[in-house]
Amino acid sequence: MFGIGFPELLLIAVIALVVIGPKRLPDLARALGRGFAEFRRATDELKQTFEDEARAARSQELRQKLLAEGKIHPPGTLDPYPPEANANDENCPAETATPVPAATVAAAGEETAAVATNSARPEPKDG
């Protein structure tokens, strides 16, 4: 710490004891300790703020790069390859879903069966 060894610290402590006196020295040491703790807290908070900002900047750069390369799409934009475009593709997992056998649906319970049958049919519109 600033090139100060034990002999120098001992000399500073003796001088402080003589100059300040034994009655006020503990109060002064306590105040200095609080001051150093507050300084350390403030510097740690400042470091954390810088790190957070740097992380956010790196994240934004990566997001812009991925958007430019077309690897991600912002929310609300249309997918250039919607599932309907792949309807004739045999490798499309969304279109090749295996239907659930009725026996399996019945074994799962009436409530599950009602949900499974209703999800396959469109709901009637009021009107």
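Reader: Which residues form a nonpolar patch on the surface?

Author: A patch takes residues with over 30% relative accessible area and no salt bridge, joining like charges within 9 Å and nonpolar side chains (Val, Leu, Ile, Met, Phe, Trp, Tyr) within 5 Å. Here F6, L10, L11, V14, I15, V18 and V19 form it, with about 750 Å² of accessible area together. Such areas come from the Shrake-Rupley method with a 1.4 Å probe, and for residues only the protein chains shown count as cover. Bear in mind that this is a predicted model, where local features need pLDDT of at least 70 and side-chain atom pairs count only at pLDDT 80 or more, while totals for chains, interfaces and linings use all residues. Residues are numbered from 1 along each chain as its sequence is written, and side-chain values use heavy atoms, leaving out hydrogens and water.

Reader: Where is the place of I15?

Author: Helices are DSSP runs (H or I, at least four residues), numbered from the N terminus. I15 sits in helix α1, residues 6-20.

Reader: How many salt bridges does the structure hold?

Author: A salt bridge puts a side-chain nitrogen of Lys or Arg within 4 Å of a carboxyl oxygen of Asp or Glu. This structure has four. Among them are R30 with D27 at 3.0 Å, N to O, and R41 with E38 at 3.2 Å, N to O.

Reader: Why are R41 and E38 separated by about one helical turn?

Author: An α-helix has 3.6 residues a turn, so residues three or four places apart point the same way. R41 and E38 are about one turn apart because they lie three residues apart in helix α2.

Key: Helices (H or I, at least four residues) and strands (E, at least two) are DSSP runs, numbered from the N terminus.
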